[in-house]
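Here is a quick tour of one structure, taken a piece at a time. Have a look at it first, then read on.

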Amino acid sequence: MKKKIAVFTNGWNDEYLDFALDGIRKRAAEDNVDVFIFLNYTSYDMAEKDLKAELNILNLPNLQKFDGVLLLGNTLATAGELDILCEKIEEAKVPAVCLEYETEKVDCIRTDNTTGMLELVEHMITVHGVKDIYWVGGPRDNPESQERYQAVIDTMEKHGLTVDPDKFLDGHWSYYAVQEMMTELIPKMDKMPDAFICANDVMAMGVCLALERAGVKVPEDVKVTGFDNLPSGKYFAPIISSVDRGWNERSYQATASLINLMNGQKGVKDTLCRSSFSKGESCGCSVDEAGIKRQREASIRTYSVPIERTIFDWHLVDIDDSVAYVGSPDELHEAFAKLWENKHDYEGDEFYLCLDQSFIDSMDQDVTLRTVGYSRYVDVIYGMKNGETIPRYMIPTKNMIPEYDPESEVTAVYLLTPLHRHGYCTGYLVLKDNYKIIKDFYLNSLIRHISSGLERGRQNIKLENMNKMLEDISVKDELTGLFNRMGYEKIAIPYLDGLRNEKEKSVIMVADINSMKVINDKYGHLQGDLAIKIVANAIRASIPDGWKAVRYGGDEYVIIGEHEISENIEAIKEDIISRIHQKCKELGLPFKISVSVGYVVISPDNDLRNEEYFRMADEAMYEMKQEAHKKEEK
């Protein structure tokens, strides 16, 4: 059986993941190891309930079922994911490696935060004469950010310069957070510093755009640097001066080390690799031919990317529209089939929408939705394999991947992301061999729309079920469960009309309890209600499937049905009477319950009105009742 590794990461670092997952896949394929990527989208500004719902994906896998675990540690510090996972790894006793983050009990392979930053600051001081800087860091308690900041301080001190502690901006690694801070900061500044040195490229680009909006030119008026050497930084104008971490190489190396551990070989403990300075335009340097080529490509992307995103947005709208009017889980499956059979370019040729059982049950039951963990089973409400829809079915949650082939000779990469809404667990999405959708946050947008569409579908189904229940209440007799007078008008009579229109032979039966007044007067109305229910149950048990039984009045019943050639109406009548007698005997009732039953068979070629047939059946019932009264008088 193939070996499996579980990879845990946050999806917001999309450009990093593009490199890292390529390296992981490449090394895993060399040993035909399957890769399961558990990805969340936690963020610092996320509501607590949504944060917990994102973290719930960590509860999906049983790590004891995996041969190894790879943590992309530098992405797992947002909501304590790394601590949670390290505890799970220790409990499962499974081999593990952490990439780009030092941990106590898990082997680590990481790029140092110091070498490249020392080179960068040295370059800024000696080549560009920088003396006065602002530091734009990650969270103050983040070790990576702290190490990069210390490298800045050390290099400045080496040249007799100091870093003003008041010129420290906590950018939370966020493009948007930095833009907000810069918008407030710039008007308050008497003069620009020589440079903004940022702890990552995302924040560096945020600083550049905020400065540009304020009329400040980079690098002419102020210089800006980053860290990570992102492709987007290379496409940016000006090209961001940064620090390269060799991500593709590190992820390949980490996967190789994990596979060695899985094979019983010695671990790497804590391996530290060098980072290096990569100059760009934002520090004031000119770029080479490769940089100019990338900028040309960026110019083309300014046209193509908005168009591509618009087309993708149309797909998201189609997802929203597809579930707008579903009335049942099966209709939900059919709606998705119609949607994705037409277009599944973004999802790929194999993917599965797995809904938690509590989410499915809540559509027609009073069930509390889960917030932590998953039910024992998930409903594969929609699945596509080899570009074709598969039937809806259920799998044990512990299996996780529908249609998984553990004997395949080709390495598979599965991406699993949580689906949730309002903090409640909806389920999870599985994509096979399609992690590229993470890029440009396509995946994040996709799962948000799928989650909201599923919740809309759930609400539609609940409303449909509620309407059916209310409709059922309006046409059903509360005491007996048979149709009431409204049910007679809305269901039984249209049913009879349909039989007659189709030239089918039919029958109307009328039944009435004998001496009902005596039962009520002598034994009370509770016993009278019991008599009414006993007769109703006998009728329900005796008539063929599809026939309609009505409590027409207090103790009067009407039965309408299709008269099959082989049907013996007299036998049905006698069965009703016999069941009533037997039930009275079982209960040891102090009174006798008997009924009078009359009926009329409606021939397909007879054109009398329904009311006339009803009168004829009623008269037949009355004749039987008269006979019953005569027997009682004797």
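This is a predicted model: local features need pLDDT of at least 70, side-chain atom pairs count only at pLDDT 80 or more; totals for chains, interfaces and linings use all residues.

Quite a few residues of α1 are buried, among them Y16, L17, L21, I24 and A28. What do the buried residues of α1 pack against? Their partners are the strands β1 (4-10), β2 (34-40), β3 (68-72) and β4 (96-99), plus the helices α8 (231-235) and α9 (247-262).

The disulfide count is zero. For C98, the nearest cysteine sulfur belongs to C108, 5.2 Å away. A disulfide needs the two sulfurs within 2.5 Å, so the C98 and C108 pair, at 5.2 Å, is too far apart for a bond. Both cysteines are buried: C98 has a relative accessible area of 0%, and C108 comes in at 1%.

## A four-stranded open sheet

Further along, four strands make an open sheet in the order β20-β21-β19-β22, with antiparallel pairing. The edges are β20 (548-551) and β22 (595-602); each has a single partner strand, so one side of each has no neighbour in the sheet. From one strand to the next, the twist averages 15 degrees.

Strands β19 (506-513) and β21 (556-562) pair over seven bridges, and V510 has V558 of β21 as its bridge partner. Helix α14 (485-501) lies across β19, β20, β21 and β22, at about 30 degrees to β21.

How values were computed:
Residues are numbered from 1 along each chain as its sequence is written. Side-chain values use heavy atoms; hydrogens and water are left out. Buried means under 20% relative accessible area, exposed over 50%, partly exposed in between (1.4 Å probe, protein chains only). Helices (H or I, at least four residues) and strands (E, at least two) are DSSP runs, numbered from the N terminus. Contact means heavy atoms within 4.5 Å. Two strands pair if DSSP finds at least two bridges between them. Axes are lines fitted to C-alpha atoms, for helices over the stretch in contact, and angles run from 0 to 180 degrees between N-to-C directions.
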